[in-house]
Amino acid sequence: MKTYDDIPAELFVPSPMDRGEAEKTGYSNYSYWRSTIRIFLQNRAALFLLFLLGILVLFTVVQPLFPGQRPATQVNFDAKGFPLRNIQPGKEYWFGTNAIGQDLWSRIWHGTRTSLLIGLLVGIVEMGIGIVYGALWGYVRRLERPLTEVFNVLHNIPNTIILILMAYILRPGFSTMVTAMCLTGWHGMARFIRNQIVIIRDREYNLASRCLGTGTGRIIYKNLLPYLVSVVMLQTALSIPSTIGWEVFLTYLGLGLPIDVPSLGNLVNEGRSIMMSPELRYQLIFPTIVLSVITVSFYILGNAFADASDPRNHL
Amino acid sequence: MFIYSLKRLAQSLVTLVIVVTVVFLLMRLLPVEGYFGERFDKLDDSQKEAILDKYGLLDPWYVQLFNFYADLSRGDLGTSIIYRANVPVSKIIKPRIPYSVNFGISATVISLILGLGIGKKMATHKGRAWDRVWTGYIILVSAVPSTVYLLFVQLYGSDLLHLPMLFDKYRIGSWILPLVSLSLGGIAFNAMWMRRYMVDELNRDYLKLGQAKGLPYKKIMRKHVMRNAYVPLAQYLPATLLSTVAGSIYIESIYSIPGMGGLLVDVIGRQDNPMVQALVLIFSSVGIVGLFLGDILMALIDPRIKLNKGETR
């Protein structure tokens, strides 16, 4: 019987990484981000919304700097010293005034600023927690069981209930709201990331890369990350509309931001309380329009960018 | 299958115990002022002490926790303090359950029938007017917070259609708007799901084989395509049903429906701690039970699934 004992062991040593050789086999001039942007630019509706949203966000930031803007919490009085309550939209007050005489125009932009800030903060924190948790969950096999159990416990409780409970126990305010929403929002992100990593971790091309001696860093950066970008961007973009929605809900329950902080939740709620009188409905409709434009734009943009950044759509 | 069910049941029970314990301990973090009732500023220290003692709030937390579980096992959810003073919570909640259940079930059925029908037609009419209009609807419902668009349903529904704005159990007309509101989200979700499922499925090889064999299109649809849709449907149906029953917190509240969801909003406003605690526990158990039933149902229906390999959902 023939044995193979005399085969030299160095034949089984992985070859060292050679950057030049690695590039030769790759796509000649494929660039991930260039392709993503090219496909994204083909989507006219998304481009328009990006433009619209960009202007809107920019405007909420610079609005207080324009001349003739009133502070959002200032009560306005007429010449005789009476507060200008429930003034209809007009030349002087573009969106009218509310029940105690505050300028609705400045309140809406101030409120949008607050709500977008909450949304952005929550979105980023969720992204951070979700990526770290999901990556550990999908990559480190020893952690799989415990992390699955923790996830199942948290995921089994309705988000509404966690949010209500947190907001009920802590003192209502900006930080409570952000904390409560961060606690509930990352589940989806973590699960998506974990599933993606489990799916592509042992695909043939990754196996091949590993056999050819590619470092873990390069595998993560070149092979795994492009698949995750679309998911991460989509989830982060979608977390902003849902954060605004939760804020409105918590405010309705009386667990939202204090009344003197203008936010979209507070504005919608103020509008709701007087929506029975038709001539005052503008106080509900104006905040709603701004809110809807923002949430719909983020939703559509998130989906469009997810499509564009998915490498499977690049060829 | 049996082993899987047992394991899944154990998992749900562990979750339930953790949730109950955590909720209970969290509620202990609240200031005790909530327990003194409406005239707490007129009480002196010894009276306050007596009240706290009565509710067992002076015991160490583990004694309280043990007593709480002992009460739970007898079906005692605690006693209301402010909402209806000294009435057991279970007695307050009981007459409200039918409202939540009836609305939840009807809304789930409506959104299932309409949503799946719409989604199916969207897939077969892909890219045409029907598809576009309903895609717009789905985007609107998914993106705009329900707390906002439901206000407009209530406002203009009662304005333009002359329907009653608030719920009144003796007027059938007043049932319409809450039902519509409860179904809107479900319709969008079901339609979106169905459309994606159908579009994927219509390109599958088995469909082409069926057509090549000369099977009538309708039969392929009924016997093969729809058959495969049951599995994912079965998994999420109980959870959706139960979350509609429980999750109508906002809708019950804006239409003043005397169900459990509206009650939660009420007692949060009045800071009635035992009531909040009991309702939060009920709602979270409902969620856990829903996911449990979904997994069991799915395992029953789909012969391919053997979940005892430690597979997560």
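Is T114(A) buried or exposed? I found it buried, at 10% relative accessibility; buried means under 20% relative accessible area, exposed over 50% and partly exposed in between, with a 1.4 Å probe and protein chains only.

I noted that this is a predicted model, in which local features need pLDDT of at least 70 and side-chain atom pairs count only at pLDDT 80 or more, while totals for chains, interfaces and linings use all residues. Residues are numbered from 1 along each chain as its sequence is written, chains are lettered from A and ligands numbered from 1 in the order in which they are written, and side-chain values use heavy atoms, with hydrogens and water left out.

Entry on T114(A). I placed T114(A) in helix α4 of chain A, residues 104-139; helices are DSSP runs of H or I with at least four residues, numbered from the N terminus. The side chain of T114(A) reaches the backbone oxygen of H110(A) at 2.9 Å. Beyond its neighbours within four places in sequence, T114(A) contacts F174(A), L257(A), V261(A), P262(A) and S263(A), contact being heavy atoms within 4.5 Å.

Entry on T108(B). I located T108(B) in helix α5 of chain B, residues 97-124. T108(B) is buried, at 8% relative accessibility. Setting aside neighbours within four places in sequence, I listed L237(B), L241(B) and T244(B) as its contacts.

Entry on D168(B). I found D168(B) in the loop between α7 (146-160) and α8 (173-202) of chain B. D168(B) is partly exposed, with a relative accessible area of 30%. Residues up to four places away not counted, D168(B) touches S174(B) and W175(B). I also recorded that D168(B) and P258(B) are 90 residues apart in sequence, yet 9.4 Å apart in space, C-alpha to C-alpha.

Technical notes: Helix = DSSP H or I, 4+ residues; strand = E, 2+ residues; numbered from the N terminus. Polar contact = N/O pair within 3.5 Å; in protein donor to acceptor, adjacent residues only side chain to side chain.
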